[in-house]
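Thanks for coming, everyone. Please look at the screen for a moment, and then we'll start with a helix.

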Amino acid sequence: MGARTKLLFLMVASFLGIVFALIPATEAEIQISQIEHLNTQTDNSLNITITNNLDEEIPYSLIISIFSEDLQENINIESSNLIFTISPLETYYTNFPFTIQLSGNYIFNLTLLSNNDDIITKTYLEQEYLFYDSFQTNLKETIVDYYLDDEHNANWIYNPENQNIELINLDNEYETGIIIGPYNTNGNENNKLTIQHEFIITLDANYSISYTTDFNHSQLYSTIWNELYTINENSNEYIEVEIEAGKNVYICFSASDLDADSEDFWNIKNIDYQYVPIKHDIETDIPEHYFFTLEQTPEVSLNLVNSGLFNQQLGNITISVDLFSSDEKIGTYLRTPNIESGESQNINFIFTEMSSPGNYYCNIKIILINENIYYEEYNTFLSISMYNIDIVNPISSNSEKMNILIQTNDIEAFQLDENYQIKPLIDNYFLIETSDETTTIYWDQSVRIISIIDMDEEKFTLNLEGYDENIDSLVWPSISFDSKKLYYAKFIINNEGFYTENYEINYAYSSIFIESISGPEHVTINAGESLTVDVEIMPLQKIPLLGGNPLIIEISNNGVEKTEGYILSYTETQINIVSQECNRHSILTGQSIACTTVISNTGYASSSLEIDIGIKTDTDFEEILDHNTIEELGNKESWSIKTTYKPNKAGTFKLFISIENDDKYITYREMNENINVIETVQETEEVVRTINIPNLSLRNMFVALSIASIGFQFQRSENMKYLTFKFFIPLYSRLQKDTLADDPTRQNLLRIIYAEPGANFTQLKEKLGLHNGTLAHHLHILENHKTITSHTSGRQRLFFPFGSESRINISNSLITNVTQKKIISIVKDNPGITQSMISQQLKVSRQKVNYHVNSLVSNSIIKIEKQGRITRLYPMHFT
């Protein structure tokens, strides 16, 4: 080869980017005869064969490049250019070493240049290979479960010597299996297992490989397996099976036979898991539909997650959004975000051009690097109106115009009873435009409704405060006047149209029923907004008449009128006697009693009231004690009247009140309780007698000791003191007659007992400084004349004003122990209950219940009655 020829050859090899005139290469053939393996990060080689078909020696230059589709660039290789000469009709063999570091698709480009008499010929070969990441399975650690043979005629074991999984002990009929895994294929694609095995299978034996992605140890025998491969006598030593992506995959090796052959066996020697991690992948989340009001700016938001292995730099991701109305394309919007691997990002597209109500849609295309690596397309829809109508079947609306967005694969079968127009949008999405006021629309369930919007440009509704939608719409709400003050009738005007509107308001009412009404006559409301209108109502000073009278409200806009109203009425004057109370229940003649009467008005203000307060005796004699005139009693006002009366005759009487208005009787009430008036009687002076004690014999000494014992009990018990003196007092009174006089001692007793109902004998004795006999004497006189009353409480004697009911409450109030109060309540509700039953209800010991029961019995709150061997508890009459 001459120097001129060599120089020309080198120039061509150095400037490979120059465009060559393509001349069919018939003088040489190039082919890749073999690639060593398809695994990454392992030394590899490409065996290349080049044949010189010419009958002369030809110089060649072989240029090799490897292009990564994931990286979108050529990878670095050490020797990318080989120069050699091939003899006539000879074949040249060469081995090209390389290492692939990253799994994925690679394109091997081989360019062969030949120089034949200064004519450069180019031969080109392109071959694509997929390289895998892989790891070798540790068979021992991946065994997760077994299917054992029922008769133990065969089983699987792990042999640690050769690190194989082996099927052994084959005998008679058997069926057994072994489960390994899981193989996690999440984030990977092109997943496959390369299984190296050795076997002998004869007659009816069946060896198979299956998989599942839903394995549970506790439900082993209900697992469903999907067959991947069945072993036969022609199966190779290496088996490749593809497994599902994005799952945890379990593999089952199953073996069965009806009559095992002793020569049969199956050994699993090795399993390689090969996979390609996904380098470029985007998970996109976008709503199918958006609704916006006219005041809102429409926008579409995409949530992107880079779920691939590679970071996506600026320019790698292209998002294209084509915006359409129902009639035409509006524009195209682009974004090119950069997202790190594993990160997410929200991409917003704001559409300021969409200012009119209606339906729009976006066709969204996402491209990663190029369409061959990643391409996805999405559709999303936008509806703009003042109202988004609920999607129900049937559709219920009072709109004259509606837009219904639907999805259906059979639009020809779609029919409505109303006037409508169908507009195709994209794919199987359609827009239905209705033009009749319709209250109910029925639709076929095979049609999927995505959105329903109101398209009425001019529309308003009127709502009244206090209106109940559950009652007849012909019944207006009411406003009832209870006093002369400002009242408000409120109503709401809702502008449900698309534009700002002016509304005219008229009010109609009766001037003889209402003093005045004040409210706006014109209002302006923006589109989609509501306005609450307050109308001031002033009623008359006095009730004009009973019954109702209407307030009519008329709203008009663009020739459309709506009428609503209220029913106005006055609350009838209602005079109530709240209370009648006196400071005493019993008095002596010549003493004064003070009473207070309270009346109120729960209705409208009254006119002049004439009030008489008097007494009514037990002989039906009536006497007016006080007369009052009230010019006006307003709503929720009350009036207190105090009356003093000094009776001069003994007997009983009741207080009454009578109220009239304009010579018309309104109300009358008598007190429930009688007031006792007792005649004052003078009492003569007591005679003090001296008793001489005689000399006592032995018998008299025994009697004296008995009397002393009785005296001791007499000293302990108030009841014994009082009853003893009460027994002897009549004998003493026969000698000198007692009368009920205005005695200072009895007056003091009455004052204390009336002021402190429930005072006991000892308290009275200490407060007045009296001896037992003297105190019992005066108490007996007062109780005999029914001025006071008494009852026992344990060892105590309690005194109350005659006719007072408070003694019962006071008696019960003496009980402060919580357990005793619970026992009293249980006995009152369950007369005859036993102590053991109370113990169960209160969940306390029987001893504790017995202690508290004895205390209550001693205080005369409850009593015990024995029925055979059973002791039952009953309340006292005042408990």
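Take helix H7, residues 772-784. Its 13 residues, at 1.5 Å a residue, should span 18 Å, and its end C-alpha atoms are 18 Å apart, which agrees. The expected span is 1.5 Å times one less than the number of residues. Helices here are DSSP runs of H or I with at least four residues, strands are runs of E with at least two, and both are numbered from the N terminus.

A word on the source. This is a predicted model, where local features need pLDDT of at least 70 and side-chain atom pairs count only at pLDDT 80 or more, while totals for chains, interfaces and linings use all residues. Residues are numbered from 1 along each chain as its sequence is written, and side-chain values use heavy atoms, with hydrogens and water left out.

Back to H7. Is this helix enclosed or open? Of its 13 residues, 10 are buried, so H7 is largely enclosed by the rest of the structure. Buried means under 20% relative accessible area, exposed means over 50%, and partly exposed is in between, using a 1.4 Å probe and protein chains only. Among the buried ones are Leu 775, His 777, His 778 and His 780. After H7 comes Lys 786, with a positive phi near 55 degrees.

Now the whole chain. It holds 11 helices and 56 strands. Of its 879 residues, 43% are buried. Now count contacts, meaning heavy atoms within 4.5 Å. Among those with a separation of 6 or more, 70% join residues 24 or more positions apart.

Next, the cores. A nonpolar core is a set of buried Ala, Val, Leu, Ile, Met, Phe, Trp, Tyr and Cys residues joined through side-chain atoms within 4.5 Å. Which residues touch the most other members of the largest one? They are Tyr 207, Ile 251, Phe 253 and Trp 266, out of 33 residues. Strands giving two or more residues to this core include S12 (164-168), S13 (174-184), S14 (188-200) and S19 (265-277). S19 gives the most, with 5 residues. There is a second, separate core of 28 residues, and Leu 464, Ala 489, Ile 517 and Ile 553 are included in it.

On a 1 Å grid over the protein atoms alone, a cavity is a set of points where a 1.4 Å probe fits but cannot get out, and lining residues have an atom within 4 Å of a point. Points are joined across faces, edges and corners, and the volume is the space filled by probe spheres set on them. By this rule there is 1 cavity of 30 Å³ or more. The largest cavity has a volume of about 40 Å³. Its lining includes Ile 395, Phe 414, Trp 443 and Val 447. The lining divides into 9 nonpolar residues, no polar and no charged. Nonpolar covers Ala, Val, Leu, Ile, Met, Phe, Trp, Tyr, Cys and Pro; charged covers Asp, Glu, Lys and Arg; the others, Gly among them, are polar.

Last, the backbone. Gly 181 and Pro 182 are joined by a cis peptide bond, with omega about -5 degrees. Pro 182 sits in strand S13. Another cis bond joins Asn 393 and Pro 394, with omega about 5 degrees.

Asn 190 is not a glycine, yet has a positive phi of about 50 degrees. Asn 190 lies in strand S14 and is partly exposed, at 39% relative accessible area.

Methods
On a 1 Å grid over the protein atoms alone, a cavity is a set of points where a 1.4 Å probe fits but cannot get out, and a pocket is an open set with protein on both sides within 12 Å along at least five of seven lines; lining residues have an atom within 4 Å of a point.
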